[in-house]
Amino acid sequence: MSDTTELQAKAAASRAELTATLDAIEDKFNIPKQSKLMVERAQASYERNPVPWIIGATAASIVVVGLVAWAIFSDD
């Protein structure tokens, strides 16, 4: 009887582990949930130190303006 009980306990533990693994996989592939987490991390990062975000936004703006100017004024 103890062998049967031991096997049942191992099977239950394996099922619980499989359930946890499948839940973790489901969370990783849940795009809306992952997007929300990424936005929350970005907001927290900005609140901690906005300077890199401002510098990055400025650099991106300069690149966009440069590309537009290049497209307008190029001799094609």
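**Figure 1. Confidence of the predicted model across the protein.** In this predicted model, the pLDDT of the protein averages 94, and 97% of the residues reach a score of at least 70. Confidence is lowest in α1, where the mean is 93, and highest in helix α3, which covers residues 51–73 and has a mean of 96.

**Figure 2. Secondary structure and overall dimensions of the chain.** The secondary structure of the protein consists of three helices and zero strands, and the order of the elements from the N terminus on is α-α-α. The C-alpha trace spans about 85 × 35 × 15 Å along its principal axes. The radius of gyration of the protein is 26 Å, whereas a compact globule of 76 residues would have one near 11 Å. Of the 76 residues, 0% count as buried, and the accessible surface of the protein comes to about 6,900 Å², with 67% of that area belonging to carbon and sulfur atoms.

**Figure 3. A nonpolar surface patch that includes isoleucine 25.** The side chains shown are those of Leu18, Leu22, Ile25 and Phe29, which form a nonpolar patch on the surface and together have about 440 Å² of accessible area. Isoleucine 25 belongs to helix α1, which runs over residues 2–28. Because its relative accessibility is 41%, isoleucine 25 counts as partly exposed, a class that lies between the limit for buried residues, under 20%, and the limit for exposed residues, over 50%.

Figure 4. Tryptophan 53 is placed in helix α3 and, because its relative accessibility is 41%, counts as partly exposed. When residues up to four places away in sequence are not counted, tryptophan 53 touches Ala42, Ser45 and Tyr46. For one of these, alanine 42, which is 11 residues apart from tryptophan 53 along the chain, the separation between the two C-alpha atoms is 9.5 Å.

**Figure 5. The salt bridge between lysine 10 and glutamate 6.** The count of salt bridges comes to two, and one of them joins the side chains of lysine 10 and glutamate 6, with an N to O distance of 3.8 Å, which falls within the 4 Å cut-off for a salt bridge. Both residues, lysine 10 and glutamate 6, lie in helix α1, where they are four residues apart, or about one turn of the helix. Glutamate 6 has a relative accessibility of 44% and therefore counts as partly exposed.

**Figure 6. The salt bridge between aspartate 27 and lysine 33.** In this view, aspartate 27 forms a salt bridge with lysine 33, and the closest N and O atoms of the pair are 3.3 Å apart. Aspartate 27 has a relative accessible area of 32% and is therefore partly exposed, and lysine 33, with a relative accessible area of 36%, is likewise partly exposed.

Note on methods
Residues numbered from 1 in each chain as written. Predicted model: local features only at pLDDT ≥ 70, side-chain atom pairs only at ≥ 80, totals over all residues. Heavy atoms only, no water. Patch = residues over 30% accessible without salt bridge, like charges linked within 9 Å, V, L, I, M, F, W, Y side chains within 5 Å. Areas by Shrake-Rupley, 256 points an atom, 1.4 Å probe, with all protein chains shown as cover. Helix = DSSP H or I, 4+ residues; strand = E, 2+ residues; numbered from the N terminus. Buried < 20%, exposed > 50% of the residue type's maximum accessible area, 1.4 Å probe, protein only. pLDDT = per-residue confidence, 0-100. Rg over C-alpha atoms; globule rule 2.2 N^0.38 Å. Contact = heavy atoms within 4.5 Å.
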